[in-house]
Amino acid sequence: MATIKDIAKLAGVAQGTVSNVLNGKGNVSSEKIRRVTNAVHQLGYVHNERAALLRKGFNDSLAVIMPDSSARQYQDFYSGFKNYAQSHGFTVTRHLTHENTPLSEEEALIEAKTLQAKGIACISVAAGTPHESSIYKKDLDVSDMVFIEHKPSFGGDFIGFNYEEAGKRMGRRASDRGYTSVCLLTGNLCFSNEAGFYRGFMETAGKTGCQVTHIQTDPFRKYQNIMQISADSMPQAFFISNYGFAESVKDICCAFYDIREGLDIYTVSPVFTMPENDFTKYEMNYRQLGKVAAEALIKKTGEEREGFGQRLLESSGFRNWYSNIIVPKEPKTLNVITLDSPEAYIMKSFSHLYTKKSGIDVNICIFSYDEIYEAFNLLNASSNYDVLRLDVTWLSWFAQKLLMPLTDIDPDIENSFDDFLEGTPERYARVHEKIYALPSTPSVQILYYRKDLFESPIYKRMYFEQFRTELVPPRTFDEFNRIAAFFTREINPSSPVEYGATVTMGSTGVAGSEYLARLFSHQENLYDSNGEIRLDSEISLQSLRELTEIKRYTQPDYCGWWTDTAKNFASGNFAMSILYSNYAGPFLDNTSNVVGNIGYTMMPGANPVIGGGSLGVSKYSSQPENALSFIRWMCSEPISSAAALLGSTSPCRKTYENYEVMNNFPWMSLSKKCFPLTKGNRIPQLAGLPFDERKFLNILGMAVKDTYSSVSTPEEALRNAQEQFERYFKHRF
């Protein structure tokens with residue numbers, strides 16, 4: 001097995017230099033880093049993280065003790081815990097309690113303590129049982145521990161869900177459905193969550209005269225215990241405290257009793273982002289539980305080292321996949337017109353669920369960027385479209401012309417705004433104080449970068465040697481261009497990628513959007529402090545020069561649309577990419593070469609351009625109630641979260657607490673922060689006038705393309721743009 005001494009000898013450097021390189025320390029030249037790295041690969045050296053932790057002593061590592069189980073809730077918990085801890089600089093070790101025995105928990109606890117973990121999160125199999133005192137003796141220090149789900153009897157810090165409330169909600173369902181015979185299936189009532197669920201259920205359903213058969217089981221005897229119920233005594237419904245038990249009930253009922261329909265199964269469940277119809281689920285966000293546990297443990301083991309007692313998280317409850325759906329007596333087809341985008345095809349797929357529940361066929365009509373603008377201009381009383389998907393930047397221009405105020409259909413529509421992200425109703429719903437649409441797919445420009453390149457010791461050192469500053473994601477477009485040049489192979493032959501950055505320069509509208517990213521890094525809005533719009537100002541010129549400079553650091557062929565940009569970055573041949581968040585799905589395709597190495601950060605200047613769109617009801621629709629029903633359904637949390645998991649975006653706050661979504665698309669946490677920050681207004685809001693975004697971007701985009709193609713100088717192009725702008729817009733303000 002190779003040692004540090006072997007690496008030093010092969011690389012021709014001192015052992016201390018090798019140690020510094022392996023641990024990311026010291027002022028080591030890029031050449032020596034390269035030699036050490038090559039030697040490490042050549043010798044097949046593997047850095048022993050566990051040994052390093054032991055040598056280091058008290059460290060920034062956290063431990064999780066949990067059952068050795070494939071149960072979805074435990075996997076969700078660990079994923080949420082690990083993601084949060086690692087994002088805050090902690091390593092995480094997992095210690096499994098095999099076969100859920102107290103002895104294995106004691107062994108796991110000793111192992112975590114031996115590794116000197118700074119804090120321990122424990123899903124205990126002993127807490128509350130007779131074996132608890134033999135493991136957690138009076139002299140055992142639990143100040144560095146947080147207990148999860150199973151509350152210890154000795155009062156240690158505890159985080160979990162309110163299972164008693166879940167039991168009550170389940171009991172009410174049993175009562176509301178009028179069941180006379182049900183089975184209550186729980187785990188060991190020694191555990192606080194199981195006891196709470198049992199207590200809550202019996203307090204409600206048990207007092208209604210309903211016959212309740214209670215079965216107590218565990219993961220190892222669940223099939224035998226469930227088989228206590230015979231076909232002759234089969235209850236009308238099962239109410240179950242554990243999703244894994246629910247799956248077992250379904251399997252037994254199908255295999256042994258041939259019951260495939262007509263049996264109602266209600267179960268406590270982790271959050272399911274995609275629709276699943278086998279059970280009625282009372283959902284608890286275990287990924288969020290993991291995140292909260294890691295956050296609490298980091299604080300608890302910090303400088304203050306204070307405990308917090310008991311904390312119960314809010315459950316997601318019975319999430320309704322079919323909320324707001326109206327079932328009309330005589331269904332008519334709804335016609336929806338939408339832009340060609342990832343979410344358009346997701347909407348098309350999901351519309352089948354709406355049809356299944358409502359009986360209303362939904363016809364999704366997908367148009368290109370240019371086609372849909374012309375279609376909107378031609379819309380009139382003879383048009384058959386009911387729902388319009390409007391780009392957020394077109395809302396000002398088309399809302400009063402094409403859309404029916406939603407308050408005319410539902411005067412209480414504003415009550416649904418509490419479900420949406422901060423900053424979205426103002427931009428995606430309201431126009432001149434009236435509500436014309438609901439935010440459906442809000443997106444924002446984000447700067448993506450190759451994390452492996454930015455964190456590479458070699459390239460970090462090379463960049464420092466060349467520019468005497470640290471290689472970090474750029475905060476200005478001057479820095480952006482400098483980094484792009486550094487990672488362009490034609491300029492820097494040592495670059496591991498061919499191009500430093502992508503650029504999207506297809507139509508004039510797209511080119512204008514790329515330019516506005518630069519402009520809004522220098523000024524908040526399109527207009528200046530005097531309320532004037534000057535497309536030929538010094539800041540405008542600087543922004544255009546910053547954009548045209550990038551031509552030297554990107555591929556020579558035009559990239560026409562953001563889907564193409566996403567594919568280019570996913571190819572692995574670019575160091576950075578500016579992209580709207582709803583187009584980033586291809587980064588994670590099976591052909592992507594950047595999976596696992598995607599970094600993301602706020603746009604330079606921290607004033608990103610927003611994108612995406614809203615759904616509104618056509619003023620010419622003959623069925624506005626059905627149209628609004630579909631819009632509200634599409635914008636509801638379960639549907640929006642499922643769409644986000646498939647690569648779209650979501651307007652709903654709760655989606656951004658869904659760790660299945662956030663784990664797949666972690667940059668959504670950044671986009672959530674962007675909406676309240678972004679400015680970018682075209683004209684002062686007090687003007688109260690519509691703004692023709694398409695015409696504006698055509699004027700601006702033409703100036704950008706003329707300059708980018710070397711047809712005009714920046715000064716000439718922007719002077720011409722200002723003249724056109726004044727001819728078309730000035731008399732409208």
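The structure shown is a predicted model.

**Exercise 1. Describe how helices H14 and H15 are arranged, and state which residues form their contact.**

Step 1. Two packed helices are described by the angle between their axes and the distance between those axes.

Step 2. For H14 (residues 369-378) and H15 (residues 395-402), the axes come within 10 Å and cross at roughly 35°. The crossing of H14 past H15 is left-handed.

Step 3. On the side of H14, the contact residues are Tyr 373, Phe 376 and Asn 377; on the side of H15, they are Trp 397, Phe 398 and Leu 402.

Step 4. Sorted by class, this contact of H14 with H15 comprises 5 nonpolar residues, 1 polar residue and no charged residues.

**Exercise 2. Determine the strand order of the open sheet of 5 strands and locate its edges.**

Step 1. Strands of a sheet pair through backbone hydrogen bonds, in either a parallel or an antiparallel manner.

Step 2. Here the order is E7-E6-E8-E9-E10, and the pairing is parallel.

Step 3. Strand E7 (211-216) and strand E10 (280-284) each pair on one side only, and they are the edge strands.

Step 4. On average, neighbouring strands of the sheet are turned by 20° against each other, direction ignored.

Step 5. The parallel strands E9 (residues 264-270) and E10 are joined by 5 bridges. Within this pair, Val 268 has Tyr 282 of E10 as its bridge partner.

Step 6. Helix H9 (residues 192-204) packs on the sheet and touches E6, E7, E8 and E9. The direction of H9 makes about 165° with that of E6.

**Exercise 3. Characterise the surroundings of Asp 419.**

Step 1. Asp 419 is located in the loop between H15 and helix H16 (424-428).

Step 2. Its relative accessibility is 46%, between the cut-offs of 20% and 50%, so Asp 419 counts as partly exposed.

Step 3. Apart from neighbours within four places in sequence, Asp 419 is in contact with Pro 651, Cys 652 and Arg 653.

Step 4. Asp 419 and Lys 654 are separated by 235 residues in sequence, while their C-alpha atoms are 7.7 Å apart in space.

Technical notes:
Residues are numbered from 1 along each chain as its sequence is written. This is a predicted model: local features need pLDDT of at least 70, side-chain atom pairs count only at pLDDT 80 or more; totals for chains, interfaces and linings use all residues. Side-chain values use heavy atoms; hydrogens and water are left out. Axes are lines fitted to C-alpha atoms, for helices over the stretch in contact, and angles run from 0 to 180 degrees between N-to-C directions. Helices (H or I, at least four residues) and strands (E, at least two) are DSSP runs, numbered from the N terminus. A crossing is left-handed if the near helix is turned anticlockwise from the far one by less than a right angle, and right-handed if clockwise. Contact means heavy atoms within 4.5 Å. Ala, Val, Leu, Ile, Met, Phe, Trp, Tyr, Cys and Pro count as nonpolar, Asp, Glu, Lys and Arg as charged, and the others, Gly among them, as polar. Two strands pair if DSSP finds at least two bridges between them. Buried means under 20% relative accessible area, exposed over 50%, partly exposed in between (1.4 Å probe, protein chains only).
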